[in-house]
Amino acid sequence: MRRRALIAPPVLLAAPLVLARPAQARGAIELVTADHRPYAIAEGPEPGFVLTLVAEMFRMIGLQVVFRFLPWPEAEARAASLTGRAIAPLPRTPAREARFRWAVALFDDPSGFASLQQRPPDTLAEAQTLPRIAVLEGSWHEGFLRERGLANLVPMPGWPEALAAMRGHSVSAWFGALPLLRSHLGRVAQLGRPVVAQPAWLALNPATLDIPLVALSEAHAALEADGSLSQMLRPFLGAAA
């Protein structure tokens with residue numbers, strides 16, 4: 001388990017000043033997440049573009065962020081059960097709806113197929129023709145593909161197993177968030193076009209009522225208006241940013 005504090009990087013210092021203060025003088029908030037590059041990075045000089053964005057939004061409402069990195073199921077359980085915690089990036093699903101206070105949709109996260117052996121499919125119809133497709137077990141990506149009738153899925157318990165399957169050529173493609181696939185597979189990977197985009201959310205523990213959601217939304221809107229948001233997202237999302 002790793003904790004780290006973040007000071008906003010120079011690229012964002014031209015953003016508007018503090019927009020509002022929390023209703024109670026909390027001073028700092030803990031954000032729990034997992035080590036998922038390039039969104040969140042536990043080790044190294046950069047925290048990842050999602051954590052950079054979230055830290056800047058909290059700075060603009062007068063809060064410092066302390067990050068705690070945990071395996072994702074533990075991170076989600078901690079944020080849902082302990083007051084004063086936040087979590088990001090979190091896809092919004094029916095099972096999670098009542099467990100969190102949904103603060104801001106940070107960006108639309110594109111998902112698609114990646115391959116190391118051949119041109120990956122750009123559509124679900126093309127994906128139907130492949131013999132085996134890796135997908136993370138229990139993820140919304142697996143549910144999305146199963147709901148659309150794909151029976152050629154190979155659920156993987158984690159990223160290391162999916163990566164090994166790709167490198168060992170036991171699967172033809174991997175379906176997931178494109179920035180993550182690019183980060184895990186490197187430049188040798190071929191990425192297909194986005195098949196679907198899922199909003200990535202900043203969420204709060206439901207009992208954390210002293211954080212003003214309106215102020216967080218205004219901070220996000222200000223970063224979008226002055227171009228800072230696009231500047232952060234474009235290296236990872238490309239034209240979609």
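Mentor: Take strand S6. Both of its faces are covered. Ile133 and Val135 are buried on one side, and Ala134 and Leu136 are buried on the other. In a regular strand, side chains alternate between the two faces of the sheet. Keep in mind that this is a predicted model.

Now the neighbours in the sheet. S6 and S7 run parallel, joined by four bridges. S6 also pairs with S8, again in the parallel sense, over two bridges. In S8, the bridge partner of Ala134 is Trp174.

S6, helix H4 and S7 form a β-α-β unit, and the unit is right-handed. H4 covers residues 140-147. Its buried residues are His141, Glu142, Phe144 and Leu145. Seen down the helix axis, the buried residues of H4 fall within an arc of 160°, so they line one face of the helix. An α-helix has 3.6 residues a turn, so residues three or four places apart point the same way.

What do the buried residues of H4 pack against? S6 (133-136) and S7 (153-156) are both among the partners. So are strand S8 (173-177), strand S5 (101-115), strand S10 (196-204) and helix H3 (124-127).

Last, the end of the helix. Gly149 follows H4, and its phi is positive, near 90°.

Conventions
Residues are numbered from 1 along each chain as its sequence is written. This is a predicted model: local features need pLDDT of at least 70, side-chain atom pairs count only at pLDDT 80 or more; totals for chains, interfaces and linings use all residues. Side-chain values use heavy atoms; hydrogens and water are left out. Buried means under 20% relative accessible area, exposed over 50%, partly exposed in between (1.4 Å probe, protein chains only). The arc is that of the directions from the helix axis to the C-beta atoms. Contact means heavy atoms within 4.5 Å. Two strands pair if DSSP finds at least two bridges between them. A crossover is right-handed if, with the strands pointing away from the viewer, the path from the first strand over the helix to the second runs clockwise.
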